[in-house]
Amino acid sequence: MNGAPALVPLPYSPDQVAARLGSDWQPTLRSAHRWMILARTLDARMQALQRQGRVGFYGAATGQEAVNVAAGLASRPEDWVYPGLREQLVALVRGHPLVTYAHHLFADNLDPGRGRNMPCHPTAQEVRYVSMSSVIGTQIDHAVGTAFALRHRHEPGAVLAFFGDGATSSNDFHAALNFGAVWGAPVVFCCTNNQWAISVPVTHQTAAPSLAAKAAEYGLPGRQVDGTDFVAVFAEVRAALEQARSGGGPTLLEFVLYRMTAHSSSDDPTRYQPKDWAARAVAHDPVARLEEWLGRNRLLDADQRAAVAAECESAVRDAVEAAEATIPPVPASLTEDVYASGSTGWTD
Amino acid sequence: MTELTLVQAVNRGLAEAMRADPNVVLLGEDIGLNGGVFRATEGLYKEFGEQRVIDTPLSETGIVGTAIGMALNGLTPIAEIQFMDFIYPAFDQIVSELAKFRYRSGGQFPCHVVIRTPYGGGIKGGLYHSQSTEAYFCHTAGLKVVVPSTPADAKGLLLTAVHDEDPVVFLEPKRIYRAVTGEVPDGDHRVPFGKARLVREGTDVSLFAYGAMVPPTVEAAEALAKDGIQAEVVDPRTLVPLDEAAILASVEKTGRAVVVHEAARFCGFGAEIAALLAEKAFYSLKSPIARVTGYDTPFPYALENLYLPNADTIAHAARAAVQAA
């Protein structure tokens, strides 16, 4: 040991986990573990492909898997998801096919978004995962509007709105929390505080005692949650969604996380992160924490772990192969979908 | 038919749309009990209630941003921005989000929001209650931009906007909200987008004007007629989509063009019409294309009548075009 902090274990007995997750806690944890391994496999593969020039851009979610998997598993099909940059796994957990996501990452002719958005900005309408822009914070308002519409149309469901710590400084964070609270809209504001807005640490983002603390000023409940603890995140998201669906109004959840990679494939964090950041992040690795707990409680052995890893490697390899074998978007698609009637006026 | 002012026609259009479809909702500042600062939503709160005529917190980005989310889940929101001068906090939502949802999602998330906003000068509103910045929105692919100039068109274009599938920026010429009255068809009256209105036929010069600039342009045409100059007046009504055929046909007939708008000249919408004519009607032109516009300054308070085009400045430009060749 060279002074690096040790892994922070999940502080639960099996009974406590059962109490938080419900009677099917074991399949939930196994499913969560498989999705986390898939996510990590995908992140590793895509970062490598980006370095090789085979994918144009990639924003890894390494370190944020617990939130993504918990949100995916705790939400229901009738719920909506407005993502930020690192929530694509929520779409996959909700049923968006991995191969379809690969088509998006390669911006090919089978990308549902037709290759128009950068990688990691997928469109997954069939699982109510809304197409995102790269503008910070704008989607939080959309989530409130969709939540209003759910209630207005007497539809079941609630909305998960994701954004990072940097977004809490945006105009739209303020507008959305205010509108959402005034309207009592069925929305859960999910702030993934990975402590970095590219290079700016969260301590430079706000002087508030926490991001969750901001909720009080809008008249909302706000809670800080260990975002690397799958059990805690799952329980909090499920409770907040239930409150929203039952007319109890919105909640702000702040998930404290550790960004374990660069902001994106275009970023070099050695320019600004302290030298001990990586070691601190590893101590809060959500995948390692869950695996350690599963191992300690004899729910996962080395062979099972290897089988999951092999299955995920295979799934990612197949998806990448399918995408790389697909042609780019056809040129005629350039001017389509600008308007309902098709293209813009001029083509000459 | 009913004789209405332009703002009454907007009001009737909104009521018509809301009666026809429970998914149509209005949101904006002061639009509820107060009926809007220009009274465009007068009586609607009483008829449809606070869940469909929503007095929002004071945030334009919140108004448009939440309207987008409503539209993505099956509502047809009609957002009111109290003055066009206050639309800029929502500019990001309009150009980055609303205009691009259909495109970036490959057509899976079309986003139909109508944004109504009073625009333009002549009401002693100074810098921040007078601007006419349609060009910002015309420049952004994915938006439609509509500017009625009569009560009948205000209702008819508004109902078309509500039944359209694309986002619409609906600019209401507040200077003539009450200055203009006209017969408005009752019921579901719709005026198609992309079809210009031939306001006045003529053979010597084409005057292109929209919104609050149509009345002084017609006045100019009447003055020109006394001098034996037959001016044609064409109101495009929708800037996006633009009725290029009507504009070209008029200039092919008259050989001369004057474009009128109250927005600043530089990169204004008149430049687009001038470019269109230069590209596609060049050999029909007998004299240079003229633009009669606001100055390239911020909108002034005390000198707004100097800033704005009027019948005299429009007629002067038309005479110069006719005398040039």
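Visitor: How many bridges join strand S5 of chain B to S7(B), and in which sense do the two strands run?

Guide: Please bear in mind that this is a predicted model. To read a pairing, one looks at the bridges between two strands and at their direction. Strand S5 (residues 114-119) of chain B is joined to S7(B) by 6 bridges, and the two run parallel. Within S7(B), B:Leu171 has B:Thr117 standing opposite.

Visitor: Which other strand is joined to S7(B)?

Guide: Strand S6 (residues 144-146) of chain B is joined to S7(B) by 3 bridges, again in a parallel arrangement. Here B:Val145 stands opposite B:Val169 of S7(B).

Visitor: Which way do the residues of S4(B) point?

Guide: B:Thr76, B:Ile78 and B:Glu80 point one way, B:Pro77 and B:Ala79 point the other way, and all are buried. Strand S4 (residues 76-80) of chain B is thus described as mostly covered, with 5 of its 5 residues buried.

Visitor: Which strands pair with S4(B), and over how many bridges?

Guide: Strand S2 (residues 24-28) of chain B pairs with S4(B) in the parallel sense over 5 bridges, and B:Val25 stands opposite B:Pro77 there. S4(B) is also joined to S5(B) by 3 bridges, with the strands running parallel. In that pairing, B:Ile115 of S5(B) is the bridge partner of B:Ala79.

Visitor: How does the radius of gyration of chain B agree with that of a compact globule?

Guide: The value for the chain is set against the value for a compact globule with that number of residues. For 325 residues the globule would have a radius of gyration near 20 Å, and chain B has 19 Å, which agrees. The C-alpha trace of chain B spans about 60 × 40 × 40 Å along its principal axes. Of the residues of chain B, 59% count as buried, and its secondary structure comes to 12 helices and 14 strands.

Visitor: What is the corresponding account of chain A?

Guide: Chain A has 12 helices and 7 strands. With 348 residues, its radius of gyration of 20 Å agrees with the value near 20 Å for a compact globule. Its C-alpha trace spans about 65 × 50 × 45 Å along the principal axes, and buried residues make up 53% of the chain.

Visitor: How many residues of each chain are in contact with the other?

Guide: An interface is read by listing the residues in contact on each side. Here 37 residues of chain B are in contact with 36 residues of chain A. On the chain B side, the elements giving two or more residues are helix H3 (60-72), helix H4 (91-98) and helix H5 (101-104). H3(B) gives the most, with 9 residues.

Notes
Residues are numbered from 1 along each chain as its sequence is written. Chains are lettered from A and ligands numbered from 1 in the order in which they are written. This is a predicted model: local features need pLDDT of at least 70, side-chain atom pairs count only at pLDDT 80 or more; totals for chains, interfaces and linings use all residues. Helices (H or I, at least four residues) and strands (E, at least two) are DSSP runs, numbered from the N terminus. The radius of gyration is taken over C-alpha atoms; the globule rule is 2.2 Å times the number of residues to the power 0.38. A residue is buried if 20 or more other C-beta atoms lie within 10 Å of its own, exposed if 12 or fewer, and partly exposed in between; C-beta atoms are placed from the backbone. Two residues are in contact if their C-beta atoms, placed from the backbone, lie within 7 Å. Two strands pair if DSSP finds at least two bridges between them.
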